[in-house]
Amino acid sequence: MKTENATGDAPRLYQAILPHLQGGLWNDVRNVHTLAWMVTGMLLSRRSTPSFWLPYVHSRAAFAQSSERRFQRWLGNKHLQPSLLYG
């Protein structure tokens, strides 16, 4: 996706990704939304580092650190089992 303003594409891409992730086994719907923003940021930034995803994430967080901490908590969540998602 190559456009003039990639951050303008973030909400549309997020909305396109969200239905594909909602079918997974989630213990909380907020996990789906966080993952959808992480995938959106990764695709638009073309980087695998959470700090590069932040410009593409639309959030109520006042500071970029808050979003980055949310991503780190999600990645370190013991209750999320990737083997069930990929199964």
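What percentage of the 87 residues in the protein chain is buried? The buried residues make up 32%, where buried means under 20% relative accessible area, exposed means over 50%, and partly exposed is anything in between (1.4 Å probe, protein chains only). Before you click on anything, know that this is a predicted model, where local features need pLDDT of at least 70 and side-chain atom pairs count only at pLDDT 80 or more, while totals for chains, interfaces and linings use all residues. Residues are numbered from 1 along each chain as its sequence is written, and side-chain values use heavy atoms, leaving out hydrogens and water.

**Stop 1: the whole chain**

Switch to a cartoon view. You'll find five helices and zero strands, and from the N terminus the order reads α-α-α-α-α. Helices (H or I, at least four residues) and strands (E, at least two) are DSSP runs, numbered from the N terminus.

Back inside, look at contacts, meaning heavy atoms within 4.5 Å. Among those between residues at least 6 apart in sequence, 46% join residues at least 24 apart.

**Stop 2: helix H2**

Select residues 29-45, which is helix H2. Try the distance tool on its end C-alpha atoms: they are 25 Å apart, which agrees with the 24 Å that its 17 residues should span at 1.5 Å a residue. The expected span is 1.5 Å times one less than the number of residues.

Let's visit three of them. Pick Val 32 in H2, which counts as buried because its relative accessibility is 4%. Leaving out residues up to four places away in sequence, Val 32 touches Leu 18, Leu 21, Gln 22 and Trp 26.

With neighbours within four places in sequence set aside, its contacts are Trp 26, Trp 74, Asn 77 and Leu 80.

Then hop to Thr 34. It counts as buried because its relative accessibility is 7%. Which residues does Thr 34 touch, not counting those up to four places away in sequence? The answer is Arg 70, Phe 71 and Trp 74.

**Stop 3: the nonpolar core**

Show side chains for Leu 21, Trp 26, Ala 36, Phe 71 and Trp 74. Within the largest nonpolar core, which has 20 residues, these touch the most other members. Helix H1 (6-21), H2 and helix H4 (64-75) are the elements that give two or more residues to this core. A nonpolar core here is a set of buried Ala, Val, Leu, Ile, Met, Phe, Trp, Tyr and Cys residues joined through side-chain atoms within 4.5 Å. In soluble globular proteins, nonpolar side chains tend to be buried together.

**Stop 4**

To see one of them, select Tyr 14 and Trp 37: the ring centres are 4.2 Å apart and the planes are at 10 degrees, so the pair is stacked. Tyr 14 lies in H1 and Trp 37 in H2, so the pair ties together parts that are 23 residues apart in sequence. Both Tyr 14 and Trp 37 are buried. For the rule, rings of Phe, Tyr and Trp (its six-membered ring) pair if their centres lie within 6.5 Å; planes under 30 degrees apart count as stacked, over 60 as edge-to-face and the rest as tilted.

**Stop 5: a salt bridge**

A search of the whole structure finds one salt bridge, defined as a side-chain nitrogen of Lys or Arg within 4 Å of a carboxyl oxygen of Asp or Glu. Select Asp 9 and Arg 12, whose side chains meet there at 3.2 Å, N to O. Both lie in H1, three residues apart, about one turn of the helix. An α-helix has 3.6 residues a turn, so residues three or four places apart point the same way. Asp 9 counts as buried at 6% relative accessibility, whereas Arg 12 is exposed at 57%.

**Last stop: Arg 46**

Follow H2 to its end and you reach Arg 46, in the loop between H2 and helix H3 (50-53). Is Arg 46 buried or exposed? Arg 46 counts as exposed because its relative accessibility is 64%. Check its backbone too: phi is near 60 degrees, a positive value in a residue other than glycine. Most residues other than glycine have a negative phi.
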